[in-house]
Amino acid sequence: MKKSDIDTVTNVILNNEYKLHEEEKAEENTEKEYIIKERTHKEKRNKHKKKKTVKQKIFLILKIIIGLILLGIIGIVLFFKTSLFQKYKEIWVETAMSTMNHKYLATWFLSDEEIKEILDRLKVENNEDSKSEEIIIQVPIEEEKKEITVEKITGKNYVGYVMIIPDASKVKLVDSRKKNRGTQLSEIVENNNAIAGINAGGFTDDGGVGRGHQLCKATIIDKKLLYGYKNVKYSLIGLTADKKLLLGKYIYQEAINMGIESAVEFGPYLIVNGKNQVTNANSGGIHPRTAIGQRKDGTFIFVVIDGRQPGYSLGTNLLELQNIFNRYDAYNAANLDGGSSSTMYYKDKVVNKTSTPMGQRYLPNAFIVEE
């Protein structure tokens, strides 16, 4: 073969290889372009999908919120404006209206007439005064003196404590107001050389930050009228000179004539002359409670119920509080100031778990047990 023919064949082969290489390159570029286009298209699809998903989520959340609002409105209407949940409505109203600062929980949803109708129906009527002659104080002989005992009690929705004081002569009602505030129960007990005590009467508590020194209920200490009017009749929880718990509606002079030395206005009475005063389980609502009672032999009974602490103790109503005193054989018993003030102190420590994180409140007065 001639050299020229060989060169021709070589060029043909080289040209074909070049073309094949170019074609392969073109195919590769086409494939890359396709992949890029597919990726771009996929990214666009995903972005659109994401946008759609975000919108769907927002609409779903809005639907849920609107649904919950509608359910809430329907629930409020059914609860407050029908008789379907009458029992719970009564408890709600009683609980709200028996607080100093949370009455709005009832007044927002019910008219004054509706609230009054519920309160009137559940009101505890105290139409009888206790008879002091029914209480026979047994003065314990020195060697037979019984110690004070404190017992923890539990119920369906509450935890509480019952203190039994066998020696009535040791119980006293004291004024604990200072110039611009009250005094914590632990300090009241210590200042009076006492061993135990519970909170007693109420006080002005604007905004829940009362300093415990401004009285708002009739109060007599050591025969002096510290708050109230001498010619107005008050429901008094009093101690006579011979340490009898006297429950009755008196003007100041009548109380003094009955032998009362110290008293606070509060209530309602739970047991009077052995007769139960509370008949409705919804009376008084659910609250932390403090109460005082006495047996026919003079033994005093202090009760404090913790409350407003879900998971531990919600509190109790007046009927259950009355039942507690029945179980401990009280002949007379009365409800004292409760709520955040409910405190029992014994042997250098607070026995119960108060409903406020601040612990002990400042109090205007207290029932104490002297050493």
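Which residue lies over the face of tyrosine 331, and at what distance from the ring centre? Lysine 296 does, at 4.9 Å. Here are some notes on the rest.

1. Before you start: this is a predicted model, in which local features need pLDDT of at least 70 and side-chain atom pairs count only at pLDDT 80 or more, while totals for chains, interfaces and linings use all residues. Residues are numbered from 1 along each chain as its sequence is written, and side-chain values use heavy atoms, with hydrogens and water left out.

2. Charges over rings. A charge sits over a ring if NZ of Lys or CZ of Arg is within 6 Å of the ring centre and within 35 degrees of the ring normal. Besides the pair in the opening question, have a look at lysine 217, which lies over the face of phenylalanine 266 at 5.5 Å from the ring centre.

3. The cores. A nonpolar core is a set of buried Ala, Val, Leu, Ile, Met, Phe, Trp, Tyr and Cys residues joined through side-chain atoms within 4.5 Å. Buried means under 20% relative accessible area, exposed means over 50%, and partly exposed is in between (1.4 Å probe, protein chains only). The largest core has 31 residues, and Ile237, Phe300, Phe302 and Phe367 touch the most other members. A second, separate core of 20 residues includes Val124, Ile164, Ile301 and Leu319.

4. Strand S9. Helices (H or I, at least four residues) and strands (E, at least two) are DSSP runs, numbered from the N terminus. Five of the six residues of S9 (residues 260–265) are buried, so the strand is largely enclosed by the rest of the structure. Two strands pair if DSSP finds at least two bridges between them. S9 runs antiparallel to S5 (residues 219–221), with two bridges, and antiparallel to S7 (residues 234–240), with five bridges. Valine 264 of S9 is the bridge partner of threonine 219 and also of isoleucine 237.

5. Aromatic pairs. Rings of Phe, Tyr and Trp (its six-membered ring) pair if their centres lie within 6.5 Å; planes under 30 degrees apart count as stacked, over 60 as edge-to-face and the rest as tilted. The structure holds seven such pairs. In one of them, the rings of phenylalanine 79 and tryptophan 92 have centres 6.0 Å apart and planes at 75°, so they are edge-to-face. This pair links helix H1 (residues 3–81) with helix H2 (residues 86–97), its members being 13 residues apart. Phenylalanine 79 is buried at 17% relative accessible area, whereas tryptophan 92 is partly exposed at 36%. Both belong to one aromatic cluster, together with Phe80, Phe85, Tyr104, Trp108 and Phe109.

6. Salt bridges. The rule asks for a side-chain nitrogen of Lys or Arg within 4 Å of a carboxyl oxygen of Asp or Glu, and the count comes to eleven. Lysine 275 pairs with glutamate 128, the closest N and O atoms being 3.5 Å apart. Lysine 275 is in strand S11 (residues 275–276), and glutamate 128 is in the loop between helix H4 (112–122) and strand S1 (149–154), 147 residues apart. Lysine 275 is partly exposed at 45% relative accessibility, as is glutamate 128 at 23%. Glutamate 187 meets lysine 178 at 2.7 Å, N to O. Arginine 327 and glutamate 320 form another salt bridge, at 3.5 Å.
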